[in-house]
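Good morning. Please bring up the sequence and the structure, and I will go through a few places in the chain.

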Amino acid sequence: MIAEDKINEIREAARISEFISSHVELRRAGRSLKGLCPFHEEKTPSFSVNDDGGFYHCFGCGEGGNVFKFIMALEGLSFPEAVRKVADRCGIELPEERGSAGGPVRKDLFALLDSVAGYYRRVLLETPAGESWLEYLAARGINEKSSDSFMLGAAPDSGAGLLRWLKQQGADLEQAQSLGLVTRRQGRTVDSFRSRLMFPLRDNQGRVVGFAGRKGETAEGPKYINSVESSVYHKGRVLYGLDLARTAVRDKGFALLVEGYTDVIALHQVGMENVVATCGTALTAEQVKLLKRFSSEMITLFDGDEAGSRAAGRSFPVFMEAGVWARGLSLPADADPDSFVRERGVEALAELLGGAGPLVDIWLRQLTGQAADTASMARAASDLSSLLKKVQDPFEYDLLLRKASVWTGISEKVLRGQAAPTPQKRAARGAESLGGAAGLDELLVTLLLSDPSLAASVAEAGALDRMENGPFRQVASDLLQASSRADAADQLAALPSDLGARVAQRLNEGVYSDTNVARRALGDCLSGLERRQRKAINRERLLELKRAEESGSDIAAISGMGDWKSSRMSDGE
Ligand SMILES: [Zn+2]
């Protein structure tokens, strides 16, 4: 038996299109991918795959499900086998399988890195070499709990301490060298890190993949050095702190990007856990895409100096490439996130974050210089257009274009003219063919499926009681009770097939994948539900009055009957 938590983790980690595309040729169509259905004969594609929601759905034959169901059907595997297959591909270890198939070498590397992190940790805590670093951490206000959860350590001064320890353990030195733990220097093997405070770098599953080392005040060399890239460490694909931040990023609906390792730790320590940092490199589109799996809202926080703002501006095209419209915030001069929360507190930072503006502003300001004259704005418009052209997804393109226009004041037409429309634009339109606008109950379910973070607001508004009795209400109720991100495929299957198809279509269109749009739609939906209930109560009351009139009973006795009637409303209509 594989624990349900584990199954959910695997399902969430999997990119469903990766598994389907080995059987079906998929082409991008808006938010989703399309191909010829493997479950029925067809000539035009009606089979869609939605990576955000983790489901596939065929609009031709109605077949649909999640990644496991697909693999079971197409590859004839049992459920546990399908789960195992997906887990393997995502690098998630299943308890029963330790040490058996599935890349033993990789596992050995992770185990070695983990034990080395333990070694550095003991050097920090138990040897004289760690003493000055413990003082340093105390001076920076980093407490033991934080030091422990980030597995901070210290590299000994001798330059051979790790090597000696590895030999004692009987470790494979070639492996250690391939991971950049030790290195050959003038014909001798030596430690790669020496007299440094060690920050283990972990992937988003919490496995140590490399290290960053900070030098002591008096030592020589660069302030930070990082592990060399290896078969498990690719610096452009790792975000420091993501393993600890991922839940908070999802819950809070946005991620905060900072520059330093200690900034991440300091913010975590004061309860702001949705924070990550790049690992000693400029931000990459791959990192943004990784983060996007947890939220598409990002705020980059940069130091209040010239260099900080330049770096923030430079990161804008990277966010664009990943299809993320990030916001940016500059700290007051001379402050970094760590010092800021220490001096002013986390509430002050939270307040500051509320005022984060679009990053494009900073980028534009740098592009146009101080004077935004016509010529420089024209240049900016053309630069912005060429960035927009890189956006593959036509829906994302539209959304970005609209925001670009609002935020820059450059008309949509001009931007559109500069940025040639992408070839398959609007290819995926067709929701209309499935009939009519969504009703309020359908909209609510669609919103909950596209953005699970809305569940709290829905519950708080008591919207469930205002829904009509029926499949949508049942699904909404399940979604509100779900402890982890719900399996969209399950919920779609619980709806009658035509309704499920319609919701799947809307999720594919990704209309509500922008948090702000989703929030606004939710607001409209909730007030719509309230209005509908009020109307129904009034109608019922009128009816009651009419009946009373007809039967000649006392009208005064019936006023104020709204309460018990409203409790019955959910059965009505
Ligand atoms: Zn089909």
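I start with a loop: Gln186 lies between β7 (182-185) and β8 (188-191). Helices and strands here are DSSP runs, H or I of at least four residues for helices and E of at least two for strands, numbered from the N terminus. Before going on, note that this is a predicted model, in which local features need pLDDT of at least 70, side-chain atom pairs count only at pLDDT 80 or more, and totals for chains, interfaces and linings use all residues. Residues are numbered from 1 along each chain as its sequence is written.

Gln186 has a phi near 45°, which is positive although the residue is not glycine. As background, most residues other than glycine have a negative phi. Is Gln186 buried or exposed? Gln186 is exposed, because 5 other C-beta atoms lie within 10 Å. The cut-offs are these: buried means 20 or more other C-beta atoms within 10 Å of the residue's own, exposed means 12 or fewer, partly exposed is in between, and the C-beta atoms are placed from the backbone.

Next, Ser195, which sits in the loop between β8 and β9. Ser195 also has a positive phi without being glycine, near 50°. Ser195 has 21 C-beta neighbours inside 10 Å, so Ser195 counts as buried.

How many residues of β9 are buried? Seven of the seven are, so β9 is largely enclosed by the rest of the structure. Both faces are covered, with Arg196, Met198, Pro200 and Arg202 buried on one side and Leu197, Phe199 and Leu201 buried on the other.

Now the sheet that holds β9. The order of its four strands is β6-β9-β10-β11, the sheet is open, and the pairing is antiparallel. Two strands pair if DSSP finds at least two bridges between them. On average, neighbouring strands are turned by 35° against each other, direction ignored.

Take the two partners of β9 in turn.

Now to a pair of helices. Two packed helices are described by the angle between their axes and the distance between the axes. Helix α20 (residues 440-450) packs against helix α24 (residues 497-509) at about 50°, with the axes 10 Å apart. That angle makes α20 oblique to α24, since angles under 35 degrees count as roughly parallel, over 145 as roughly antiparallel, 65 to 115 as roughly perpendicular and the rest as oblique. Axes are lines fitted to C-alpha atoms, for helices over the stretch in contact, and angles run from 0 to 180 degrees between N-to-C directions.

Finally, the whole protein. The secondary structure comes to 26 helices and 17 strands. Of the 573 residues, 40% count as buried.
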